[in-house]
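Opened a new page for this one.

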Amino acid sequence: MAAPKDPRPCSIADTLAVVGEKYSLLVLREVCLGNGRFDQLVRNIGAPRDILAARLRRLVEAGVLTKRAYSEHPQRFDYRPTAAGLELEPVLMALKEWGDRHLRHNTDLPMAMEHSCGHELVPVVTCRACGSPVHHDDLTAHPQTPGWTVRGPAATS
């Protein structure tokens with residue numbers, strides 16, 4: 001088998017193809033906060049209108065957001081997360097926590113998220129099977145794509 005010429009098949013890369021463009025995750029942040037109208041998104045994100053419109057189109061096409069008309073004349077839309085979009089909310093919370101800790105050094109934080117238990121949310125990734133927090137040293141990668149190893153393309157013979 002010849003070594004693959006394409007980059008490693010990867011669900012992270014596939015996901016970034018949908019939400020990795022500039023402003024896409026900020027759109028999702030705002031929509032998850034309940035700010036789904038175009039003017040709210042422009043104001044809260046600071047994206048140019050044409051770029052924001054393109055991101056919204058892409059997120060709707062990818063099934064991350066739904067688009068619902070709230071005015072016919074002029075025609076205006078409200079955007080809301082789909083079930084798939086809501087599955088990305090923990091990713092947003094993890095990014096927020098990382099930024100709070102490593103960029104803001106836990107000072108002058110712009111927003112706190114409160115869990116339904118009444119405490120501030122500090123996201124932790126846990127194993128679904130055992131419930132233990134996940135740390136780098138606990139993980140072992142097992143490539144599932146033929147012709148690939150953890151280090152890259154498998155050696156050809």
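This is a predicted model: local features need pLDDT of at least 70, side-chain atom pairs count only at pLDDT 80 or more; totals for chains, interfaces and linings use all residues.

My entries follow, from the whole chain down to single residues.

**Overall fold**

I looked up the secondary structure and got six helices and four strands. Reading along the sequence, I wrote the order down as α-α-α-α-β-β-α-α-β-β. Next I checked how spread out the protein is: the radius of gyration is 20 Å, while the globule rule gives 15 Å for 157 residues, so the protein is more spread out than a compact globule. I also took the box along the principal axes, and the C-alpha atoms fill roughly 65 × 40 × 30 Å.

**Burial, contacts and surface**

How much of the protein is buried? I get 22% of the 157 residues. For contacts with a separation of 6 or more, I find that 44% join residues 24 or more positions apart. The accessible surface comes to about 11,400 Å², and carbon and sulfur atoms hold 55% of that. I went through the charges too: there are 19 positive and 18 negative side chains, with the centres of the two sets 5 Å apart.

**Cysteines**

How many disulfides are there? The count is zero. I looked at Cys130 in particular, and the nearest cysteine sulfur belongs to Cys127, 3.9 Å away. A disulfide needs the two sulfur atoms within 2.5 Å, so Cys130 is in no disulfide. Cys130 is exposed, at 54% relative accessible area. Cys10, by contrast, is partly exposed, at 28%.

Pro74 sits in the loop between strand E1 (65-72) and strand E2 (75-81).

**Positive phi values**

I then listed residues other than glycine with a positive phi, and I have two entries here.

Tyr23 has phi near 85°. I find Tyr23 in the loop that runs between helix H1 (11-19) and helix H2 (24-32). Is Tyr23 buried or exposed? Its relative accessibility is 18%, and the cut-off for buried is under 20%, so Tyr23 counts as buried.

Asn106 has phi near 55°. This residue lies in the loop between helix H6 (89-102) and strand E3 (148-149). At 46% relative accessibility, I put Asn106 down as partly exposed.

How values were computed
Residues are numbered from 1 along each chain as its sequence is written. Side-chain values use heavy atoms; hydrogens and water are left out. The radius of gyration is taken over C-alpha atoms; the globule rule is 2.2 Å times the number of residues to the power 0.38. Buried means under 20% relative accessible area, exposed over 50%, partly exposed in between (1.4 Å probe, protein chains only). Contact means heavy atoms within 4.5 Å. Accessible areas come from the Shrake-Rupley method with a 1.4 Å probe; for residues, only the protein chains shown count as cover. Lys and Arg count as positive and Asp and Glu as negative; His and the chain ends are not counted. The place of a charge is taken as NZ of Lys, CZ of Arg, CG of Asp or CD of Glu.
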